[in-house]
Amino acid sequence: MDVSALSGPNFSPAEWINANYKKFVEENGRDDSEAASSFIRSYVPKLQLYIFNVNNAVEESSRQVVASMPRIAKESVSLQGEVRRLQEKMSAMRLEVAAVQSETGECMATLERLNTKSQRLQVDKESLQESDGWGNLLAELEDGFERNDLKVFYNYSLKWILILITASQGVCDKLMALQKSLVAQEQLPGHAERLTQVEDFKNRLEALASPSVVQCFAEGNLEQAQHYVQIFTSIQRLPQLQQYYRAVQKNFWQQQWKQTLELQGTETQPQHQQFLTLYYDQLLEHCQRQVKWCTNLFGENCMQPFLVIAELLPALQPTRDAHILQLLKTSNERLEMLALFAQVNHSFVLHLNSLLEQSHITLSEDLHRLLGEAVFEYFHKFIQQYPRLEETQLSTQVDRLSSNQATPSDGVRHLEESTRKLYEWLKEACERCASITSDLALCKLITLLNGIFKRQLESFGRIQRQIGLTLGSSSYAAQSENWSLLQYTMSQLQCLADFQLQLHQFEQDLHTRMSTLASRLAKPSSPGPITIFQTCDHAGRTQLLNSIADYQQKKSEATDSLGIFPLIYTTLKSHFTETHDITLNILLQPIETHLAHIRPPVEEHGASGIEMPSFSFAPQESITQIGQYLLTLPQHLEPLLLSPSSLLKQALEVCNIKYTQAIPCADVLLSLVVEQCCVLYQTQILQIKSLPSSAATQLSVDIEYLSNVLEELGLSINLQLSQILTLLKAAPDQYLTLSSGCEPRLVTAIRQMRNIISTQ
């Protein structure tokens with residue numbers, strides 16, 4: 001029986017009994033009630049015996065513990081006594097240590113003071129010894145300078161200066177001693193004078209070495225240059241050596257600049273413009289070689305070749321802008337020339353950035369700014385002049401388009417061609433603005449484009465006036481010619497819509513350019529590649545960003561434009577309206593002609609007093625001619641407006657909101673003609689002074705005829721003409737009753753025409 005499980009932390013009696021029962025069954029090979037009884041009889045006595053043994057063990061352990069308690073208490077008391085005695089010994093030891101410290105502390109302080117004085121005395125002794133050798137050192141240095149023997153001086157005297165300034169490994173013991181001499185005399189009087197003497201020796205050494213240094217840098221002798229780097233580093237004059245290097249390089253490239261300009265002066269005209277490209281290419285090639293040379297000379301991340309460019313370009317004589325300005329004065333293609341020079345600048349900077357990246361050189365923030373200004377600063381003068389040059393060119397191009405045409409047809413075709421050319425020129429202007437100014441002059445270009453658009457819209461106005469004058473001339477009295485004018489006005493409306501559509505797209509392109517420009521201006525100039533945007537001054541940058549923000553604000557507030565050319569849109573809309581009015585006038589001219597021939601009917605039955613019935617009256621000839629004309633209008637309008645182009649549809653919607661309805665444009669235009677016809681007829685009627693009864697009947701018959709014609713067209717006469725018809729047909733005794741609901745103005749006018757006495 002496994003009794004060890006009884007003491008387990010997770011002991012379960014049921015599981016323990018079941019496990020033992022299974023084991024019992026396996027051993028005996030039976031699993032029935034008899035086996036269970038046998039298991040119980042076997043295990044119960046064993047458990048009772050185990051419990052008895054456990055009880056005996058517990059009682060024995062208890063007796064042993066009780067018996068050992070007095071001994072434990074005695075040992076505890078003894079241990080406490082030993083602890084007290086140990087504490088007393090530690091206290092006594094602490095008192096003895098304090099007494100020793102009190103007795104020896106003053107002696108130790110005295111010893112320390114004596115040691116410090118001894119050290120000072122030793123230093124003073126060494127200082128006096130080194131001071132005695134200072135005069136000899138100066139004499140030897142003076143002797144080396146008087147002989148002007150740089151080699152001897154370097155081998156001997158320079159080492160003295162090296163000792164005076166810095167510690168150097170690998171020098172002899174004597175040089176180390178002289179090194180200590182200067183340090184030892186630091187606390188002695190006259191140290192500042194000694195430092196001044198050392199600086200004087202440095203200056204004399206630099207002056208003595210400068211001719212050889214210049215010659216060494218001019219020849220590009222790396223070995224000798226490294227020799228001088230060691231010298232100047234030793235005397236802490238490496239920046240002066242680098243300045244010598246830059247002076248030699250700048251002098252060489254100034255001479256190269258003059259030679260390039262002289263060579264360019266002997267070339268043909270197209271090659272005159274290549275001088276800057278040639279010079280920049282040579283400079284880049286040399287800079288690439290110098291980066292490797294200077295890396296070997298001055299160490300990694302050497303920025304001297306780039307500092308040479310930053311100092312060289314602004315100091316060139318003659319200056320780049322002066323020479324380019326001289327070329328511009330003799331050139332007829334100034335914008336193309338400026339674009340060429342701008343491209344040369346950007347190409348040069350692109351190669352510089354590539355060289356920096358390949359060389360793994362990180363420019364300082366100041367050098368990054370200076371290098372950008374050296375390349376682009378001179379060109380800002382031409383960026384300021386660009387808008388004026390662009391305006392001159394665009395004005396010249398537009399003036400060539402502003403020619404008077406003999407006929408309206410020629411004028412309309414000219415407008416289509418001029419609109420196409422104008423936007424081609426404007427796109428070219430934007431491309432030039434991007435290539436020359438990197439869009440820095442974009443806002444100024446937008447300002448001058450307002451004037452260019454106005455000049456083009458003046459051409460539309462001239463064609464409109466020409467069509468209007470042609471409409472009223474005798475040469476166009478024939479109706480067939482009026483249909484030709486209608487075609488011209490439709491073409492002009494389409495041309496105006498094309499102009500507006502391209503203007504809208506042009507505005508979108510400008511907004512895209514301005515957003516890109518704003519993001520470039522907002523970027524920090526460093527770190528990153530060198531760009532022209534970092535050379536903008538703070539005031540110019542702020543003004544540009546404010547202008548762009550203003551245009552974006554106008555875009556969000558505008559309803560019929562994108563906020564860049566709002567006045568142009570207003571003028572354009574007036575041209576839409578005027579052209580549409582001319583279209584209506586063309587269609588209304590025959591109606592006006594027929595209406596002009598309408599006269600008040602003559603009273604034929606006044607003497608007899610017989611009042612003829614209305615069916616005995618026939619419409620007058622003029623009104624029947626108007627009706628016939630209106631019935632023929634759909635067949636003339638449908639070829640033009642049955643399936644209008646998207647541009648013409650857009651133009652008509654701008655002219656009148658009715659064209660936005662889901663009905664054919666021809667029907668809308670016909671309804672507008674009918675509406676205006678009713679107004680003209682109404683005006684003609686109200687001009688009649690007196691209207692006898694038969695004349696009133698004749699007039700009502702005419703109006704009814706016109707109403708029937710319009711019904712065939714799916715239209716109707718307007719409300720005022722309908723009320724006039726009601727008032728004309730009303731009997732005098734029923735006039736007041738039937739006039740209820742009509743306009744008082746019309747009621748009074750018709751009553752006076754018919755000479756009906758008011759009962760009110």
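Trainee: Which residues line the largest cavity?

Mentor: The model is predicted, with local features taken at pLDDT of at least 70, side-chain atom pairs at pLDDT 80 or more, and totals for chains, interfaces and linings using all residues. Residues are numbered from 1 along each chain as its sequence is written, and side-chain values use heavy atoms, without hydrogens and water.

The largest cavity is lined by Tyr-245, Gln-249, Trp-253, Leu-283, His-286, Cys-287, Gln-290, Pro-305, Val-308 and Ile-309 (on a 1 Å grid over the protein atoms alone, a cavity is a set of points where a 1.4 Å probe fits but cannot get out, and lining residues have an atom within 4 Å of a point). Its volume, the space filled by probe spheres set on the points, is about 50 Å³. The model has two cavities of 30 Å³ or more.

Helices α7 (238-265), α9 and α10 (304-312) each give two or more residues to this lining (helices are DSSP runs of H or I with at least four residues, numbered from the N terminus). The largest share, four residues, comes from α9. By class, the lining of the largest cavity holds seven nonpolar residues, three polar and no charged (Ala, Val, Leu, Ile, Met, Phe, Trp, Tyr, Cys and Pro count as nonpolar, Asp, Glu, Lys and Arg as charged, and the others as polar).

Helix α9 also has packing partners. With α6 (residues 222-234), helix α9 (residues 275-298) packs at an angle of about 40 degrees, the axes lying 9 Å apart. This angle makes α6 oblique to α9 (under 35 degrees counts as roughly parallel, over 145 as roughly antiparallel, 65 to 115 as roughly perpendicular and the rest as oblique). Contact, meaning heavy atoms within 4.5 Å, involves Leu-222, Ala-225, Gln-226 and Val-229 of α6 and Trp-293, Asn-296, Leu-297 and Phe-298 of α9. Six of these residues are nonpolar, two are polar and none is charged.

With α11 (residues 320-329), α9 packs at about 150 degrees, the axes 12 Å apart (axes are lines fitted to C-alpha atoms, for helices over the stretch in contact, and angles run from 0 to 180 degrees between N-to-C directions). At that angle α9 is roughly antiparallel to α11. Here Phe-275, Leu-276 and Tyr-280 of α9 meet Arg-320, His-323, Ile-324 and Leu-327 of α11. The residues in the contact of α9 with α11 comprise five nonpolar, one polar and one charged.

Terms used
1 Å grid on protein atoms, 1.4 Å probe; cavity = no way out; pocket = protein on both sides within 12 Å on 5 of 7 lines; lining within 4 Å.
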